[in-house]
Amino acid sequence: MRYLSLILLIVLFGCSESKVERPDAEQEASSPLIHSFADPSKAVVTHLNWNAHVDFDNQKIVATATYDMLVAADAERLKLDIRNLNIKAIRVDGAETKEWWIGPEKPFLGQELAIAITPESKQVSIDYETTEGAEALQWLNPQQTAGKEKPFLFTQSQAILARTWIPSQDSPGVRYTYEATVSVPKDLLAVMSASNPVQIDTTGVYTFQMNQPIPSYLMALSVGDLRFAEIGERTGVYAEPSILDAAAYEFEDMQKMLEAAEAIYGRYAWDRYDVLVLPPSFPFGGMENPRLTFATPTILAGDKSLTALVAHELAHSWSGNLVTNSTWNDFWLNEGFTVYFERRIMESVYGKDYANMLAILGKQDLDHTLVEFADTPDDTKLKLALDGRNPDDGMSDIAYEKGYLLLRTMEESVGREEFDAFLNKHFSDNAFKTIDTETFLENLKADLFGSSDEAYDALMVDQWVYEPGIPSNCVSVESPLFAQVENEMTKWLEGSPAMEIDSSNWTTHHWLHFLRRLPRDIQQDKMMELDRAFGFTSTGNSEIAAEWFVLSISVGYEAVNEEVEAFLISVGRRKFLVPIYRALIEAEPEMVRAKAIYQKARPNYHSVSTNTLDDMLQLN
Ligand SMILES: [Zn+2]
């Protein structure tokens, strides 16, 4: 294979034997992008035509990627990011070339693929295959699906995993349109972050179109025994047949959410908004792949109580997908804005008290993270410094919840009307562009504070963004609903029976608050009484289950043991896995039980989760 012989050539002879000078270390380091080898100032991809065959038998994708480029007058190379890809042949404007090089492997970044071009070059085509090292891809056997009969594939590209299945200028700073033709087994449906089919085509060949430019981290593909159900005029859900009805019921309010979002920050720019419900190994709650959010089935609670996640992913259609953080150091511009917008949508559809419950639970998560990061305070700044680190390190509650609190503090200070006018302008001025923190702050000062330094400084914005922790002017959020939860809890702790806790109107959020506020030295008989009254150990609600399991493990309530193991083996959502494994490790530092469970569960997890858990369980 060319890939191997080239590396060998470099090792044996160095650069002098190559026909064209190999890109040297300085050139690699000179990429203006963080976490990418690309240099878009010389040659930038504007459109991708992806032709792929999904081979379930060998668990690989065999593809040709053809890139249209804009090339500078002094350009000599197109530089792309690849990681664990098998590159087979490359053509420039249709003619095969041997003048391409693969740079040295860098931890988590992978390798630079540099292809010689001229200022006149228009198009580059790459024939390649994915390998076992394609961390974005998760191949599931039928047993790991809801239907248990057919295999399944999904991708997760954020933050820098797109390069493990498509050679990419893999930085959020580069946007391109794409089209794709994908062939899959004839009884399966393929869907992408693009215009999508609504039923299985017996040819097994599907075509896709994404006419709005997107960054590579939003490239997404899923293949499985999928069906589609319409929800509203522009909204619908894809899921395996056995959970399609449950999913359609759970997401009934999606159309309402879409309309609520448009009423706040303007027209939805992506035509349709659909949700794909994946098997439980999906490592995140949701991923905002444009036109088609990928979601965990753990939000199918049966009572629509976990659909804030849909509001969140929908909100990304503005913050993130439309106006994108220019590097992962600016991640709060994606996530803080999205949490803020998510809660505005929830307020519109379900009311202010409901949205405030979400804000308070978010603040509790943030407080935990601040304690966890006590030794690395720099990671609690909104503007991160992830250069040389895995960008996944920055994906903490800081970007989400501290970012949210800054925006809410600003809203309450200037008033909602003015703040909305500012954000509307922000979204329309920057549509289909990327933005960094510094540019945003300049715009903020000019557009929200009339260029007044005093008004800007009074809100302590720089302190929020560039200093650790939470500034003193942070808004405090109150909830009468949670005050009622606390009252009921006090009565019970003082001896009134659990059955008399008045929980008739409680949602998942009320229960989460209740469980989080229980004293950490609670007695076994009290745990048993709660469990008998409310059936927490066997609840089908993943949020409540995860909270209850963590508490039970830490107080030694062993009645949960079997359920904990079953949960960890079936669910791959990192948000749940990390606190449960952490509780197991704290309860038993030798980690015998944690490791035994992990050994059984690990094959069901995506690399996003195993990368975190391998570290926690000291398998690296
Ligand atoms: Zn998000």
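Tutor: Keep in mind that this is a predicted model. Let's start with strand β16, residues 235-239, where 5 of its 5 residues are buried.

Student: Which residues of β16 sit on one side and which on the other?
Tutor: Thr-235, Val-237 and Ala-239 point to one side, with Gly-236 and Tyr-238 on the other, and both faces are covered.

Student: Okay, and what does β16 pair with?
Tutor: Strand β15, residues 227-230, runs antiparallel to β16 and is joined to it by 4 bridges. Strand β17, residues 273-277, is also joined to β16 by 4 bridges, but that pair runs parallel.

Student: Which residue of β16 is the bridge partner of Phe-228?
Tutor: That's Tyr-238. Over in β17, Asp-274 is the bridge partner of Gly-236.

Student: How many residues lie between β15 and β16?
Tutor: There are 4, and the two strands form a hairpin.

Student: Let me zoom out. How many helices and strands are in the chain?
Tutor: You'll find 20 helices and 21 strands.

Student: And how far does the chain span?
Tutor: The C-alpha trace spans about 85 × 60 × 50 Å along its principal axes. The radius of gyration is 25 Å, and a compact globule of 620 residues would come out near 25 Å, so the two agree.

Student: What share of the residues is buried?
Tutor: 46% of the 620 residues count as buried. As for contacts between residues at least 6 apart in sequence, 72% of them join residues at least 24 apart.

Student: Which residues touch the most other members of the largest nonpolar core?
Tutor: Phe-549 and Ile-580 do, in a core of 169 residues. Helix α6, residues 331-350, gives the most to this core, with 10 residues.

Student: What does Phe-549 touch, then?
Tutor: Leaving out residues up to four places away in sequence, Phe-549 touches Val-560, Val-564, Phe-567 and Ile-580. As background, nonpolar side chains tend to be buried together in soluble globular proteins.

Student: Back to α6. At what angle do α6 and α7 pack?
Tutor: About 150 degrees, with the axes of α6 and α7 (residues 352-372) 7 Å apart. The two helices are therefore roughly antiparallel. Residues making that contact include Val-339, Arg-343 and Met-346 of α6, and Tyr-354, Ala-355 and Leu-358 of α7.

Student: What about α5, is it enclosed or out in the open?
Tutor: Helix α5, residues 308-315, has 7 of its 8 residues buried, so it is largely enclosed by the rest of the structure. His-312 and Glu-313 are among those buried residues.

Student: What covers the buried residues of α5?
Tutor: The cover includes α4, β17, β18, β19, α6 and α7.

Student: How many bridges join β9 and β10?
Tutor: 4 bridges, in the antiparallel sense. One to find on screen: Thr-155 in β10 is the bridge partner of Leu-137.

Terms used
Residues are numbered from 1 along each chain as its sequence is written. This is a predicted model: local features need pLDDT of at least 70, side-chain atom pairs count only at pLDDT 80 or more; totals for chains, interfaces and linings use all residues. The radius of gyration is taken over C-alpha atoms; the globule rule is 2.2 Å times the number of residues to the power 0.38. A residue is buried if 20 or more other C-beta atoms lie within 10 Å of its own, exposed if 12 or fewer, and partly exposed in between; C-beta atoms are placed from the backbone. Two residues are in contact if their C-beta atoms, placed from the backbone, lie within 7 Å. A nonpolar core is a set of buried Ala, Val, Leu, Ile, Met, Phe, Trp, Tyr and Cys residues joined through C-beta atoms within 7 Å. Two strands pair if DSSP finds at least two bridges between them. Axes are lines fitted to C-alpha atoms, for helices over the stretch in contact, and angles run from 0 to 180 degrees between N-to-C directions. Angles under 35 degrees count as roughly parallel, over 145 as roughly antiparallel, 65 to 115 as roughly perpendicular and the rest as oblique.
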